[in-house]
Amino acid sequence: MKKITVLVLSFIFVLTLSACGGEDLDIGIVLPTRDEPRWVQDEERFEDLLADTDYSVEILFSDGDTSTERENVETLISQGIDVLIITAQDGGAAGAAVEMAKDEGITVIAYDRLITDTEAVDYYVTFDSIQVGEAQAQYLVDQAGDTEGNPLYLYAGGTFDNNAFLFFEGAWNILQPKIADGTFDVINSSEAVALSDTAELTRSEMSDIMGQIDTEWDFEQAITLAESDLTSASAAEKGEVFILAPNDGTARSIADTFADDDDVTEYHITGQDAESESIQYIIDGQQSMTVFKDVRILVEDAYNMAIDVLEDNEIETTGTYDNGEIDVPSKQTEVITVTQDNVIEEIFDS
Ligand code: GAL
């Protein structure tokens, strides 16, 4: 069936639903994009869980676009949802969309990415994102051991995503003392070099560094950055290198780019999400590690929280996150470092 026909039909369907006051949806789920395999994993996990639910649920994707995200929220509101589970494309921009939902009395659960600078977030279900960055950095520190002057290349996630700051903050906690003591030489960020004695960075200092190394969570952008870093670097700044890559998609792009450089003799590179392509890269020695976030747990936490809201149960949370406006009650999950040594046990056995 042509796309347009499907669109028209689903539009008529929505109209019919609202016209005859048909069944209202209970839960609406909005995910950011299918371009990053991470979110396709989340969709599959939600679908597995929803296979035998008694509640009506709909999942919509925002195609990496904040106005599509807003339209998705509007659609779900018009379908009568009581709970919205949403991963914002842009944590700052999503405020307006969730405020619309909140005004309709809908409970808003931020899923994996915090929505910032608004009061309209009721709960936040998340992995420990600081721990993600710490695990990545710890891996690099362990590989460097007691040697000095190791070239370090830093890359960050999209600065529109609050998580990118948490990942970087975690990484900096572990890397900064090792930059300050000469274990690592940062090659590709003059701002990081300038701040190398600062243990705790402000948000704006982080922005200064991240602005120089922002992959925008985009494969092409990651390649462009890595190519330009390698073009600027001298042969002495290559050899055996250490690379902080924020997630698996960017890690594979950056790893391939470094592998193509004749002056790079060996590279250690981090990742995140345990995407299947990256598991293969790890087995083949092309990516050094990933951080496994068991999406099944996050999906279950978000779903159970939504059910508790629908059934008026007490909501279980483990802490709070400051979103710039309020402290959002949150439920947090641990993450696991995966390398060649434990990939079978952690990924295949689980
Ligand atoms: C983050 C998320 C990560 C990662 C990234 C890129 O917000 O926490 O797991 O996949 O987005 O989509």
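Visitor: What makes R70 buried, partly exposed or exposed?

Guide: Buried means under 20% relative accessible area and exposed means over 50%, with partly exposed in between (1.4 Å probe, protein chains only). R70 has a relative accessible area of 36%, so it is partly exposed. Before we go on, this is a predicted model: local features need pLDDT of at least 70, side-chain atom pairs count only at pLDDT 80 or more, and totals for chains, interfaces and linings use all residues. Residues are numbered from 1 along each chain as its sequence is written, and side-chain values use heavy atoms, with hydrogens and water left out.

Visitor: Where is R70 found, and which residues does it touch?

Guide: R70 is in helix α3, residues 66-78. Helices (H or I, at least four residues) and strands (E, at least two) are DSSP runs, numbered from the N terminus. Contact means heavy atoms within 4.5 Å, and R70 touches A96, A97 and M100 once residues up to four places away in sequence are set aside.

Visitor: Why is Q136 called buried?

Guide: Its relative accessible area is 1%, so Q136 counts as buried. Q136 is in helix α5 (129-144). Beyond four places in sequence, Q136 touches L244, A245, P246, T270, G271, Q272, M289 and V291.

Visitor: What about N247, buried or exposed?

Guide: Buried, because its relative accessible area is 7%. N247 is placed in the loop between β8 (239-244) and α10 (248-259). Leaving out neighbours within four places in sequence, N247 is in contact with W217, G271, Q272 and D273.

Visitor: With which side chain does the side chain of N247 make a polar contact?

Guide: With that of T250, at 2.8 Å. A polar contact is a pair of N or O atoms within 3.5 Å; within protein, one must be able to donate a hydrogen and the other to accept it, and residues adjacent in sequence count only if both atoms are side-chain atoms.

Visitor: What does the side chain of N188 reach?

Guide: The backbone oxygen of L154, at 2.9 Å. There is also a polar contact between the side chains of N188 and D229, at 3.0 Å. N188 lies in the loop between β7 (184-186) and α7 (190-194). With a relative accessible area of 10%, N188 is therefore buried. Its contacts outside four places in sequence include Y153, Y155 and I213.

Visitor: Which residues are closest to the ligand?

Guide: The closest are E36, R38, D112, D161 and D273, out of 13 residues that surround the ligand. A residue is near a molecule or strand if one of its heavy atoms lies within 4 Å of it. Both α2 (37-50) and α6 (162-180) supply at least two residues of that shell.

Visitor: Which polar side-chain atom lies 2.7 Å from an oxygen atom of the ligand?

Guide: One from R38. A polar side-chain atom of N163 lies 2.9 Å from a ligand oxygen, and one of K293 also lies 2.9 Å from a ligand oxygen. Taken alone the ligand exposes 300 Å², and the protein buries 100% of that (areas by the Shrake-Rupley method with a 1.4 Å probe; for residues, only the protein chains shown count as cover).

Visitor: Last one: why does V335 count as buried?

Guide: Its relative accessibility is 10%, so V335 gets that label. V335 is in the loop between β12 (327-333) and β13 (336-339). Among the residues V335 touches beyond four places in sequence are F127, Q131, F292 and K293.
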